[in-house]
Amino acid sequence: MISAQTARRAVWQPLWELPGRVDLVFSLTKRELAARYKGSALGIAWAILTPVVMIAIFTIIFAGIFKAKFGTGHSQWDYALYLFCGLLPWNAFQESLNLSANAIVTRANLVKRVVFPLETLPVSQTLAAIVNQLFGTIALLVGIILVRHRLHWTTLYLPLLLIPQFIATLGGAWLLASLGVFIRDIVQGITLVLMAWMYLTPIIYPESIVPDAYRPLVNLNPFTPLIRSYRNIMLDGAMPDWPGLAYFTGFALLTFLLGYWWFARTRKNFADVV
């Protein structure tokens, strides 16, 4: 008989071994990025072009037609910068979760290999999404220089936002990768959930226009302080929202632990289902 303590240790053991699989994770990440743009004429440029097109559409609709404004700037260029800054982390989060829902199912051949560390698949997809975000961030910095002719030193706080964002995204990716094996409708379901979540986050509209009745709901959203902090450091030259960032970090750690625990507990059944 296997003791309960031994069983618990077996669940968490792959997580402790993950740092030793860095080479495998990086190799899978490179393959993931190459597969996304393989055969396309623009290649990695799509990582920048896609959010730029989205920003152009939202800017025309909200800034041009509805006259929405962010910050102290009143031009459509200012709106575009604030929108771009908010969309970059959200797109990375959304992209990773959408792809992770099929991460195990589409690699059934690896599930049959007992020695293959399946937990690395969501990690590589999450890293690939973060890499795409960094390419977009370079484009954002260039846009800030062109529009405002300067960069704020507070941009150096960017890693402090990326780390909890990565932790939260990875936890969600592990959870959805497992659920996608047993509930095939999870792919369609998570698309709807993420769409609703995005509109409940002040990304395409400023927090200042949220009615008082809905403000507690928006503040409860863990992504609200994260997006606020991105805009603070990159566009306003201000400190991150430290209390809000602490709240998001707590959410990230909880999601990470829950997501990994569920993935590790259910992985022994993957081969029977796929």
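**View 1. R215 and its salt-bridge partner D212.** In this predicted model, R215 is partly exposed, with a relative accessible area of 27%. Its side chain meets that of D212 in a salt bridge, with a distance of 4.0 Å from N to O. D212 is exposed, at a relative accessible area of 65%.

**View 2. A salt bridge between R228 and E207.** The side chains of R228 and E207 come together in a salt bridge of 2.9 Å, N to O. This pair links distant parts of the chain: R228 belongs to helix α10, while E207 sits in the loop between α8 and α9 (215–220), 21 residues apart. R228 has a relative accessible area of 23% and is therefore partly exposed. E207, at 22% relative accessibility, also counts as partly exposed.

**View 3. The network of E17, R21, E119 and R267.** Salt bridges link E17, R21, E119 and R267 into a network. E17 counts as partly exposed at 32% relative accessibility. R21 is partly exposed as well, its relative accessible area being 26%.

View 4. Q13 is placed in helix α1, which covers residues 4–17. The C-alpha atoms of Q13 and A264 are separated by 9.4 Å, although the two residues are 251 residues apart along the chain. Q13 counts as partly exposed, at 31% relative accessibility, whereas A264 is among the buried residues of α11.

**View 5. Helix α11 along its length.** Helix α11 has 25 residues, and the distance from its first C-alpha to its last is 36 Å. That span is close to the 36 Å expected at 1.5 Å a residue. Buried residues of α11 include G244, L245, F248, A252, T255 and F256. Further along the helix, G259, Y260, F263, A264 and T266 are buried too. An α-helix has 3.6 residues a turn, so residues three or four places apart point the same way.

**View 6. T29 and its contacts.** T29 is placed in helix α2, residues 22–37. With a relative accessible area of 6%, T29 is buried. Leaving aside residues up to four places away in sequence, T29 touches S124, L127 and A128.

**View 7. The largest nonpolar core.** The largest nonpolar core has 43 residues, and those with the most contacts inside it are L83, L140, I203 and Y230. At least two residues of this core come from each of α3 (46–65), α4 (76–100), α6 (120–148), α7 (158–182), α8 (186–199), α10 (223–236) and α11 (242–266). Helix α4 gives the most to this core, with twelve residues. L83 touches I55, F58, T59, I203, I204 and R231, not counting residues up to four places away in sequence. Apart from this core lies another, of 22 residues, among them A103, L110, L118 and L121. In soluble globular proteins, nonpolar side chains tend to be buried together.

**View 8. A nonpolar patch on the surface.** W46, L49, V53, I57, I60 and I61 form a nonpolar patch on the surface. Together these residues have about 500 Å² of accessible area. W46 is placed in helix α3 and counts as partly exposed, at 37% relative accessibility.

**View 9. The chain as a whole, for orientation.** The secondary structure of the chain comes to twelve helices and zero strands. Of the 274 residues of the chain, 46% count as buried. Contacts between residues 24 or more positions apart make up 79% of the contacts in the chain with a separation of 6 or more. The accessible surface of the chain comes to about 14000 Å², and 70% of this surface belongs to carbon and sulfur atoms.

Notes: Residues numbered from 1 in each chain as written. Predicted model: local features only at pLDDT ≥ 70, side-chain atom pairs only at ≥ 80, totals over all residues. Heavy atoms only, no water. Core = buried A, V, L, I, M, F, W, Y, C linked by side-chain atoms within 4.5 Å. Buried < 20%, exposed > 50% of the residue type's maximum accessible area, 1.4 Å probe, protein only. Helix = DSSP H or I, 4+ residues; strand = E, 2+ residues; numbered from the N terminus. Contact = heavy atoms within 4.5 Å. Expected span 1.5 Å × (residues − 1). Patch = residues over 30% accessible without salt bridge, like charges linked within 9 Å, V, L, I, M, F, W, Y side chains within 5 Å. Areas by Shrake-Rupley, 256 points an atom, 1.4 Å probe, with all protein chains shown as cover.
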